[in-house]
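Visitor: I have a structure to look at today. Could you show it to me, please?
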Amino acid sequence: MNIRILLATTRRVLRQLGRDHRTIAMILLLPSFLLTILYFMYEDNAMLFQGIATIMLGILPFTVMFLITSIAMLRERTSGTLERLMASPLHKLDLLFGYGLAFGLAATAQAAVTITVAYFAFDVRPTAGTALVAIVAIVNALLGVSIGLFTSAFARTEFQSVQFMPLIAFPQILLCGLFVPRAEMNIVLQHISDVLPLTYGVSALQEIASPSPATAEIWTDIGIVAGVVALALALAAATLRRRTP
């Protein structure tokens, strides 16, 4: 990778993102809006809301960033922009990590807004502190970014890109332990859950919200998700070609 080219790619993506006010609003405000809905759903059970809200601080960034990134990268592929970039000295990893860094910065802003709303408006106070929640939220958002970059290679239209949401994101949300504890699932579903990366992001948040959080387990889960992010970016790089048909 070339740091200068990587940073130039990051700036280009951020400029494009800055011109799309609807996308910025979706990134920054949608998680807080959904969290507000959850708050009023559980307003009579504050303890239950605390646990669910902490987990959602990791799930919502993953879902939103997956959707936005997959569509943004698909536009690059179908508009011819990607082909022109690949004809330049730009390396595949400069492009992918530039996208990852740009959307990672967006995810950081998203996490800051959502956690601030959760902390001050809804009194969500995880046992292990908000700093760890922010780290997990950002890593989960980067997971959504990296998988979105990878899956964009298999779509030809934005509609097809959206169709990956129920295929990629929904099973992970259903099996991550949010609705049913993983230990109580069917053994087959447990094994499937074991290989889904969002499971470990949620596990870290559950540990953060527990009465006696184990810091070592939290960092292990974060490390697993970060490893999957790196793997997904590498796979996404393998889908890029110098020439497109």
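Visitor: How many residues has the largest nonpolar core?
Guide: The model is predicted: local features need pLDDT of at least 70, side-chain atom pairs count only at pLDDT 80 or more, and totals for chains, interfaces and linings use all residues. Residues are numbered from 1 along each chain as its sequence is written, and side-chain values use heavy atoms, with hydrogens and water left out. The largest nonpolar core has 65 residues. Such a core is a set of buried Ala, Val, Leu, Ile, Met, Phe, Trp, Tyr and Cys residues joined through side-chain atoms within 4.5 Å; buried means under 20% relative accessible area, exposed over 50%, and partly exposed in between (1.4 Å probe, protein chains only).
Visitor: Which element gives the largest share of this core?
Guide: Helix H3 does, with 17 residues. Helices are DSSP runs of H or I, at least four residues, numbered from the N terminus.
Visitor: What does Met56 touch?
Guide: Leaving out residues up to four places away in sequence, Met56 touches Leu35, Leu38, Pro61 and Leu178. Both Met56 and Leu35 are among the residues with the most contacts inside the core. Contact means heavy atoms within 4.5 Å.
Visitor: New topic: is Thr199 buried or exposed?
Guide: Thr199 is buried, because its relative accessible area is 1%. This residue lies in helix H9, residues 197-209. Beyond its neighbours within four places in sequence, Thr199 is in contact with Leu175, Cys176, Arg182 and Ser193.
Visitor: And where is Leu7?
Guide: Leu7 is in helix H1. With 39% relative accessibility, Leu7 counts as partly exposed.

Note on methods
Helix = DSSP H or I, 4+ residues; strand = E, 2+ residues; numbered from the N terminus.
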